Amino acid sequence: MIAIGKREFISMFKSIKSILIIAILLTTSYYSAKYSQVLTTGISMTEKEMSDIHTGGLLLLLLLFGQLFVMGLSHDSINKESHERTMRFLVTRTSRLRIILGKFAGAWLFWFTCILISFLLIGMFSLKFNFFIFSQVIALSTFQIALTILLSIMIPKPSITMFLGILVGLLFPILSLWLVFTDNNWISWLKFASPYYYLVADNYLFLIIFGLAGLILAAAMAIFNRREF
């Protein structure tokens, strides 16, 4: 599992897409923190909101495009191995559970590193590290990675997951936010399956997102165990 995770982590830093996404994250973090005071001009904000304004640009970016970024990099994390016939080699060398956990751990560590660097960059301007917001972002990323791995297991062709990755990456945040704020009682209950619902409240309810990610990984593992390679 460690070897698989390490290979996944290193390989994610080598692609052009990764470099572009990292550049977008760091650029957004830099300008969001440096010019955060401009955003407060003419806007009534509480003292707490003022103290967290430095992270505003990065949070907006990750809320709207985080799923797209994650799927853009990891949509083929599993089905690429199957498509290239290397999965047969992996399943003979280690358990399927270790394969899934290794792939997940490698992607999770990649995003943890990128988000941590972004928050450290913001901290250079705000002179503080907001661990609470950082934890919320990590929880959201954990859910997004788990969902991406599930999609990569369910759909065997990388070309299809690439297309669906773009579609899901763009539509999922929009639909999730709509479910959170809709007054339609017939479908509003679906908001409990969305990570965005647990990010609205300014408390530790966001920890439930890790549980949702665990359920998604369990579903991914159940499907993966039934596959023949």
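**A helical chain with pockets and cavities**

Two nonpolar, seven polar and eight charged residues make up the lining of the second largest pocket. In this grouping Ala, Val, Leu, Ile, Met, Phe, Trp, Tyr, Cys and Pro are nonpolar, Asp, Glu, Lys and Arg are charged, and the others, Gly among them, are polar. The model is predicted, so local features need pLDDT of at least 70 and side-chain atom pairs count only at pLDDT 80 or more, while totals for chains, interfaces and linings use all residues. Residues are numbered from 1 along each chain as its sequence is written, and side-chain values use heavy atoms, with hydrogens and water left out.

The chain as a whole comes next. Read from the N terminus, the order of elements is α-α-α-α-α-α-α-α-α-α-α-α. The radius of gyration of the protein chain is 19 Å, close to the 17 Å that the globule rule gives for 229 residues, so the chain is as compact as a globular protein of that length. That radius is taken over C-alpha atoms, and the rule is 2.2 Å times the number of residues to the power 0.38. Along the principal axes, the C-alpha atoms of the protein chain fill a box of roughly 60 × 45 × 30 Å.

Of the 229 residues in the protein chain, 45% are buried (under 20% relative accessible area, with exposed over 50% and partly exposed in between, for a 1.4 Å probe and protein chains only). Among contacts in the protein chain with a separation of 6 or more, 75% are between residues 24 or more positions apart; a contact means heavy atoms within 4.5 Å.

An unreviewed UniProt entry lists residues 12-33, 53-78, 99-125, 131-153, 160-181 and 204-224 under "transmembrane region". Its positions are given in the numbering used here, feature names are shortened, and annotations may be inferred rather than shown by experiment. In the model, residues 99-125 are 100% helix and 0% strand, with 40 Å between the end C-alpha atoms. Residues 160-181 are also 100% helix and 0% strand, and there the end C-alpha atoms are 31 Å apart.

Two or more lining residues come from each of helix 1 (2-12), helix 2 (16-34), helix 5 (56-74) and helix 6 (79-83). Helix 1 contributes the most, four residues.

A pocket is an open set of points on a 1 Å grid over the protein atoms alone, with protein on both sides within 12 Å along at least five of seven lines; a cavity is a set where a 1.4 Å probe fits but cannot get out, and lining residues have an atom within 4 Å of a point. Points are joined across faces, edges and corners, and a volume is the space filled by probe spheres set on them.

How many cavities of 30 Å³ or more does a search of the whole structure find? The search finds two. The second largest cavity has a volume of about 30 Å³ and is lined by Leu-62, Gly-66, Val-70, Trp-111, Ile-115, Ser-141 and Gln-144. Helix 5, helix 8 (96-126) and helix 9 (131-154) each give two or more residues to this lining. Helix 5 provides the largest share, three residues. By class, the lining of the second largest cavity has four nonpolar, three polar and no charged residues.

Lys-103 is in helix 8. Is Lys-103 buried or exposed? At 3% relative accessibility, Lys-103 counts as buried. Leaving aside residues up to four places away in sequence, Lys-103 touches Ile-4, Arg-7, Glu-8, Ser-77, Ile-78, Glu-81 and Ile-149.

Lys-128 sits in the loop between helix 8 and helix 9 and is partly exposed, at 36% relative accessibility. Lys-128 and Ala-33 are 95 residues apart in sequence, while their C-alpha atoms are 11 Å apart in space.

Helix 12 (residues 208-225) contains Ile-208, and Ala-218 lies in helix 12 too. Ile-208 has a relative accessible area of 37% and is partly exposed; Ala-218, with 46%, is partly exposed. The C-alpha atoms of Ile-208 and Phe-192, 16 residues apart along the chain, are separated by 9.9 Å. For Ala-218 and Leu-97, 121 residues apart along the chain, the C-alpha separation is 9.7 Å.
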